[in-house]
Amino acid sequence: MSPLSTVAPPTIKKPSAVRTRMRSGARYAPTLATLVLFILMFIVGAGMYPSFLSGQVLLNLFIDNTFLIVLAVGMTFVILTGGIDLSVGAVVALSMMVTATMLQNGWNPGIVILAVLVIGGGLGLLMGLIIQYFDIQPFIVTLAGMFLARGLCYVISLESIPVTDPFFTGMAQARIPLSEELFISPGVLIALVVVGVAFFVLHHTRFGRTVYAIGGNEHSAMLMGLAVKSTKVLVYSVSGLCSAIAGILFSFYSLSGYSLAAQGMELDAIAAVVIGGTLLTGGVGYVLGSVVGVLVLGIVQTFIAYDGTLSSWWTKIVIGGLLLVFILLQRLFTRRTN
Amino acid sequence: MAAHVVQNLPRAATARINTEKISRMNELAPVVEMTGIAIGFPGVKALDDVSFRLFPGEVHALMGENGAGKSTLIKALTGVYTIDSGRITVLGQQKNFSTPAESQAAGVSTVYQEVNLCPNLTVEENVLLGREPRRRGSIDWRSVRTRTREVLAQLHLEHVDPGSLLSEHSIAVQQLIAIARSVEVNAKVLVLDEPTSSLDADEVNQLFRVIRDLRDRGVAILFVSHFLEQVYELSDRMTVLRNGKLVGEYMTRELSRMNLISKMIGKDLEVLEELDQASARSQARLAAGAQPFMQAEGLGRKGSVSGVNLSIYPGEVVGLAGLLGAGRTETARLLFGADKSDEGSIKVKGQPLKLRSPRTAIDHGIGFCSEDRKEEGLIGDLTVRDNLVLAMQATKGWARRIPRRVQDELVAEFIETLDIRPANPDALIRNLSGGNQQKVLLARWMVTSPDLLILDEPTRGIDIGAKTQIQKLVNRLASEGMSILFISSELEEVLRLSDRIAIIKDRAMVAEISNDDVSVEDVLTVIAGGAQ
């Protein structure tokens, strides 16, 4: 070694415990920012429209977006590994079509739901296998999956198929009272259970931690001896399964199957996940953040509905703006921590 | 053979490995035995009939130049590459690793040069990832914390908070955490691939203390490093590879440094001596009154460097010396137009020139080989030929295609003069070792035949053999009339090659000295702030 490089060695940095804790807290910063934004929007809304304060407005955000919450949960898994799943919207539509057609033909609702879950999970598994074993970008594979699922919808029917099954209409109309004035739908419960299970899986199982490790550094995860391949395949399966669940929830909500339904919903799900603080590069993010992301999208829509004078297209413009702001915030955040 | 001996030993002897002296090691069974290993990549025979053994409680250094096959041998042992032929036994059992997970399960843990952990996870997660203690299917985070604290304490890392993010820690600490991960699995074999390349002296000492601790506990340690001093300080035994073949296995204390080097490069040390004579090149070719190729006067940039007064004559090697971070690279970037200067002026061949961008510099015959090989534009997925032809074609313009015959001749010539190994124009760049990549990079600039070539740390991180070749090449280019600005942290190297030396200190050029009988001490005195 040269004498030059040994002159004045820098000392090993030992950050104080307090500083360490503060900087570790920075992990939650994007998600917390979204939560703060949501609360602010709610307060502003309450100032403008007193009925916001009834509480039911908040619950309606959940009731109207059950399917999007479930989709965002599945998408969070995929994005955490650094991947993307563009097929989810089309799989939702396919699930609805399969549901409506099978019910029309007199199948038992239990079997219908099981069939839909198998189809969704199976499609996801197939895409995961292709992504992993042929080493193709998730963007292309799930784009193909999107066309396939959407195409199958048209094969089933071009017309809208109504759902008249008593179990489904019952679920659509059922209301679970929380107090005298407040209520939620059974769909909300299902969505919350999905969120709870996802949270547990991500934070308390080896599979979940491997998802984060792959997003952090896939090569390292492989060298650390983690089950990278099977985890990556499973993540798309989870997303497919979530799309199927979302399709069933959407059927509860809309009581029909239509091949043009849920168009662009994959993009709403991605937007919710990103606004919820998950990095598109993977490894950082929380499923609860994605739920808040969906609520932010929902409250923007509520605002525009309350205003009444604005065209619904303003929703898209506001969401686009928010998305941009959050991506920029994330960039600033990652730059600072690196 | 050793396996027979161990059966005759009482059981207790194997248990007392930790306290055994190295001299008795031959009587014990090796933990790892690799025999007749061969691995090939398209166009490259990376390993050919290599054997290697590793005993418990020893530090075994794997030595060789870049491209000798050290990394490949390690990757065969750790399951990253699958072997084409040969046999690997770990703890007496024959193994056929096809994934890192299998190798780890057999007790082989590896810490790579680039820390292979997840920066987005906490220290405790990185230590236990994939092996987290569970209770009723759920990760028991409390046990994770306790277990991590225990392991960190073993490595004298009590000050590291297990809940902090990995990315908050210095590379040195991250490397120790990677070792903590291997300690946690109770690894029998610990492979350390260039663990010290990004550490400073204090950090190296801390790492060595940990390595010695582990050795004394009976762990077999395979250590790879370019720093000969560290190898001699730490290792008990070494295996030398050259060109993918085994040269031999030696006890460290029985092999002198000189002998080691000649075994590594496979020729006598006279070659090294030649270079010293080359530096005694006559100054005569700098004819009196000659016009400097480039002349910088009071060149500087706010917040970067200032006061650069430098004249570089054709056929001259000017060395740029200074401490790491003193402003050497910054100076080079100013002279190449990669950063815009805001004071002073530059003249090229006597004409004032405004260097607005690297493009302008290249148009005026200036080339810059930056210290970052990977970012420099070698295209890893293309072959040696393609990379060279790209550069040639760029100088010719796209319209005039270079005939295949001319390409072949030029490429063959460069491979021969630069001794690029493997000597195969169709080998992929990414399959070449660091030193050989550096040679291809140099060849790319030579193709464009610049008048001034700025070389920033061209020999960093490459082995002695490739280093001498690059030094020889610099000499030859200069004697053919090219001006060279040579930047290196190795002062001996700068002194050996340069006609004149410019010294940078604290982001300003402080002195320019003619290199006649200048010693390392002289230059250090200037850098230390003494009299010129």
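Residues are numbered from 1 along each chain as its sequence is written, chains are lettered from A and ligands numbered from 1 in the order in which they are written. In this predicted model, local features need pLDDT of at least 70 and side-chain atom pairs count only at pLDDT 80 or more, while totals for chains, interfaces and linings use all residues.

**View 1. Confidence of the model.**
The predictor assigns the complex an ipTM of 0.80 and a pTM of 0.71. pLDDT is the predictor's confidence in each residue, from 0 to 100. Chain A has a mean pLDDT of 87, with 90% of its residues at 70 or more. For chain B the average is 80, and 86% of the residues score at least 70. Residues 1-23 of chain A stay under 50. In chain B, pLDDT stays under 50 over residues 1-26 and again over residues 276-285. The model has 26 contacts beyond four places in sequence for residues 1-26 of chain B, and seven for residues 276-285 of chain B; a contact is a pair of residues whose C-beta atoms, placed from the backbone, lie within 7 Å. Where pLDDT is low, the predicted coordinates should not be read in detail.

**View 2. Chain B as a whole.**
Of the 532 residues in chain B, 46% are buried. A residue is buried if 20 or more other C-beta atoms lie within 10 Å of its own, exposed if 12 or fewer, and partly exposed in between, with C-beta atoms placed from the backbone. Among contacts in chain B between residues at least 6 apart in sequence, 70% join residues at least 24 apart.

**View 3. Strand β11 of chain B and its two partners.**
Strand β11(B) covers residues 237-242; five of these six residues are buried, so the strand is largely enclosed by the rest of the structure. Strand β3(B) (residues 59-63) runs parallel to β11(B) and is joined to it by four bridges; two strands pair if DSSP finds at least two bridges between them. Met63(B) has Val240(B) as its bridge partner in β11(B). Strand β12(B) (residues 245-251) runs antiparallel to β11(B), with six bridges between them. Here Arg237(B) stands opposite Met251(B). Two residues separate β11(B) from β12(B) in a hairpin, and Asn243(B) in the turn has a positive phi of about 50 degrees.

**View 4**
The strands follow the order β2-β1-β4-β5 and pair in the antiparallel sense. At the edges are β2 (44-54) and β5 (93-95) of chain B, each with a single partner strand, so one side of each is left without a neighbour in the sheet. On average, neighbouring strands of this sheet are turned by 30 degrees against each other, direction ignored. Strand β4(B) (residues 85-90) pairs with β5(B) over three bridges, and Thr89(B) stands opposite Gln94(B). Helix α3(B) (residues 70-77) packs on the sheet and touches β1 (32-41), β2 and β4 of chain B; its direction makes about 115 degrees with that of β1(B). Eight of the eight residues of α3(B) are buried, including Leu73(B), Ile74(B) and Leu77(B). After α3(B) comes Gly79(B), with a positive phi near 85 degrees.

**View 5. Helices α4 and α12 of chain A.**
Helices α4(A) (residues 66-80) and α12(A) (residues 228-254) pack at an angle of about 175 degrees, with their axes 8 Å apart. Axes are lines fitted to C-alpha atoms, for helices over the stretch in contact, and angles run from 0 to 180 degrees between N-to-C directions. The two helices are therefore roughly antiparallel; angles under 35 degrees count as roughly parallel, over 145 as roughly antiparallel, 65 to 115 as roughly perpendicular and the rest as oblique. Residues of α4(A) in the contact include Phe67(A), Leu71(A) and Phe77(A), and those of α12(A) include Tyr236(A), Leu249(A) and Phe250(A). By class, this contact of α4(A) with α12(A) has 16 nonpolar, four polar and no charged residues. Ala, Val, Leu, Ile, Met, Phe, Trp, Tyr, Cys and Pro count as nonpolar, Asp, Glu, Lys and Arg as charged, and the others, Gly among them, as polar.

Note on methods:
Contact = placed C-beta atoms within 7 Å.
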